[in-house]
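Trainee: I am new to this structure and would like a short tour. Could you take me through it?

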Amino acid sequence: MGDLFLKQREKWWVWIVWGVIGLLSSKLLLSLLDNTWLVLLAPITILIILTAWMNFNRRFDFIRALKILMLVGTISLIPLFEQRWNSWDQMIHIAVESGTLLISLLTISILFALLAKRPKQYY
């Protein structure tokens, strides 16, 4: 049964490092491409790698996986928000595009957290 009732402490610095890796890859892609949706490939790739690792380890429940994926995804999307917020002339467009980015991040994180969660254990 292992550590059935042992509460594990989360090492948030590891996930922040993964977020910074996603941030740097997003910044690099943003300097090469102008299309926002193509730049989203960098954070999605990082989230896919983390989801595969979480699924392989089978130690993450849904809420824990969702928190980690949202943190890494939000840090990885900072260059996209920065690009959108540089022009304050069309505030409504900035709000809609930022909201769309956040909703797409939430959708992807929920989907990947469902894939990464550990299976139910019957004792």
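Mentor: We shall go through the helices, their packing and some side-chain pairs. This is a predicted model, in which local features need pLDDT of at least 70 and side-chain atom pairs count only at pLDDT 80 or more, while totals for chains, interfaces and linings use all residues. Residues are numbered from 1 along each chain as its sequence is written, and side-chain values use heavy atoms, with hydrogens and water left out.

Trainee: How many helices and strands does the chain have?

Mentor: The chain has six helices and zero strands. Both kinds of element are DSSP runs numbered from the N terminus, helices being H or I with at least four residues and strands E with at least two.

Trainee: And how does α1 pack with helix α4?

Mentor: Their axes are 7 Å apart, at an angle of about 35°. Axes here are lines fitted to C-alpha atoms, for helices over the stretch in contact, and angles run from 0 to 180 degrees between N-to-C directions.

Trainee: Which residues of α1 and α4 make the contact?

Mentor: Among them are W12, W15 and L23 of α1, and I68, L71 and I75 of α4. Contact means heavy atoms within 4.5 Å.

Trainee: On to charges: which residue forms a salt bridge with K27?

Mentor: The partner of K27 is E82, and their closest N and O atoms are 3.3 Å apart. A salt bridge is a side-chain nitrogen of Lys or Arg within 4 Å of a carboxyl oxygen of Asp or Glu, and the count by this rule comes to one.

Trainee: Which parts does the pair tie together?

Mentor: K27 lies in helix α1 (residues 12–32) and E82 in helix α5 (residues 78–84), so the pair ties together parts that are 55 residues apart in sequence. K27 is partly exposed at 40% relative accessibility, and E82 is partly exposed at 39%. Buried means under 20% relative accessible area, exposed over 50%, and partly exposed in between, with a 1.4 Å probe and protein chains only.

Trainee: Is S109 buried or exposed?

Mentor: S109 is buried, with a relative accessible area of 0%. This residue is found in helix α6 (residues 91–116). Leaving aside neighbours within four places in sequence, S109 is in contact with L47, L66, L69 and M70.

Trainee: What share of the chain counts as buried?

Mentor: Of its 123 residues, 31% count as buried.
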